[in-house]
Amino acid sequence: MSRSIRDQVLSLAGVFQSALLVQMLAREGSVDAQAFDVSIRSILALDADSVSAVYGGAMGLRFGLEYLRDAMNSRSMPADLEVARYVISMLHLETSLRRRPAMLQAIRDGIEKARSQMKFFANDESVEGVHPVLVEKLAELFSQTISTLVPRIMVSGEHVYLANPTIAAKVRAALLAGIRSAVLWRQIGGRRWQLLWQRGKIASTASELLEA
């Protein structure tokens, strides 16, 4: 895949969008359906021809791109420390995961298995967006693999939502989507130092992608 700054910003926006989804689910118990759909389906796009194809185009990451643009344009955003913490945690876990090829392969195998199993639900017209069975399978895969790594991501929110099995599964699936984007970002040349020394370039590129 391309290692261009545009593709790096797209995949980084994927991480930020997942962090936002986790925050929304934990705080409000609901989330933008389209953004959630794009992020979850990106997990299944293991062999996409381009970064854009992973997310179905830049507009699938509108929430992530807008947040990334604003975050990179600001020197301090105390109200958004929670989202920043999720992003940093996912980038740290990507590093830990990179050192565990067996776990990486187990995750890939689990994703391919889930993708294959979902063919049985392809004609289920009663469900809009991401099928709940897919969410459950991806959440279980996260629990069996990434959730065993340290540091674990501590999700903050309302107990009534976090204790709800359906919402908890969506949170785990969204975290898996964030890790998937973090892995992709690293694969195409993304590095953490860019978040400090290329803030302006990242912000302007995110703006260009939103305006395209």
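Predicted model: local features only at pLDDT ≥ 70, side-chain atom pairs only at ≥ 80, totals over all residues.

Q: Which residues is T205 in contact with, once its neighbours within four places in sequence are left aside?
A: They are I5, R6 and V9, each having heavy atoms within 4.5 Å of T205.

Q: How do you know where α11 meets α4, and which residues take part?
A: On the α4 side the residues are R62, L65, E66, L68, R69, A71, M72 and N73, and on the α11 side they are R199, I202, A203, A206, S207, L209 and L210. The residues of this contact divide into nine nonpolar, two polar and four charged.

Q: What describes the packing of α4 and α11?
A: Two packed helices are described by the angle between their axes and the distance between the axes. For α4 and α11, the axes come within 8 Å and cross at roughly 150°, and the crossing is left-handed.

Q: Why is the pair E66 and R62 called a salt bridge?
A: The closest N and O atoms of E66 and R62 are 3.7 Å apart, and the definition asks for a side-chain nitrogen of Lys or Arg within 4 Å of a carboxyl oxygen of Asp or Glu, so the pair qualifies. Both residues lie in helix α4 (residues 62-73), four residues apart, about one turn of the helix.

Q: What makes R69 and D70 a salt bridge, and why is each of them called partly exposed?
A: Their side chains meet at 3.0 Å, N to O, which is within the 4 Å limit. R69 has a relative accessible area of 23% and D70 one of 38%, so each is placed between 20% and 50% and is called partly exposed.

Q: How do you know that R98 and E94 form a salt bridge, and where do they lie?
A: The side chains of R98 and E94 meet at 3.0 Å, N to O, against a limit of 4 Å, so they form a salt bridge. Both lie in helix α5 (residues 81-98), four residues apart, about one turn of the helix.

Q: Are R98 and E94 buried or partly exposed, and why?
A: R98 is at 37% relative accessibility and so counts as partly exposed, whereas E94, at 7%, is under the 20% limit and therefore counts as buried. Elsewhere, salt bridges that share partners join D47, R108 and E112 into one network, and a search of the whole structure finds eight salt bridges.

Q: Why is H131 called buried, and what does its side chain approach?
A: H131 stands at 10% relative accessibility, under the 20% limit, so it counts as buried. H131 is placed in the loop between α6 (101-117) and α7 (132-144), and a polar atom of its side chain lies 3.1 Å from the backbone nitrogen of V133.

Q: Why is Y55 called buried, and which residues does Y55 touch?
A: Y55, in the loop between α3 (51-54) and α4, has a relative accessibility of 4%, and because this is under 20% it counts as buried. Not counting residues up to four places away in sequence, Y55 touches L10, S11, G14, V38, S42, G60, L61, S181 and L184.

Technical notes. Residues numbered from 1 in each chain as written. Heavy atoms only, no water. Helix = DSSP H or I, 4+ residues; strand = E, 2+ residues; numbered from the N terminus. Buried < 20%, exposed > 50% of the residue type's maximum accessible area, 1.4 Å probe, protein only. Polar contact = N/O pair within 3.5 Å; in protein donor to acceptor, adjacent residues only side chain to side chain. Axes fitted to C-alpha atoms, helices over the stretch in contact; angles between N-to-C directions. Left-handed = near helix turned anticlockwise from the far one by under 90°. Nonpolar A, V, L, I, M, F, W, Y, C, P; charged D, E, K, R; others polar.
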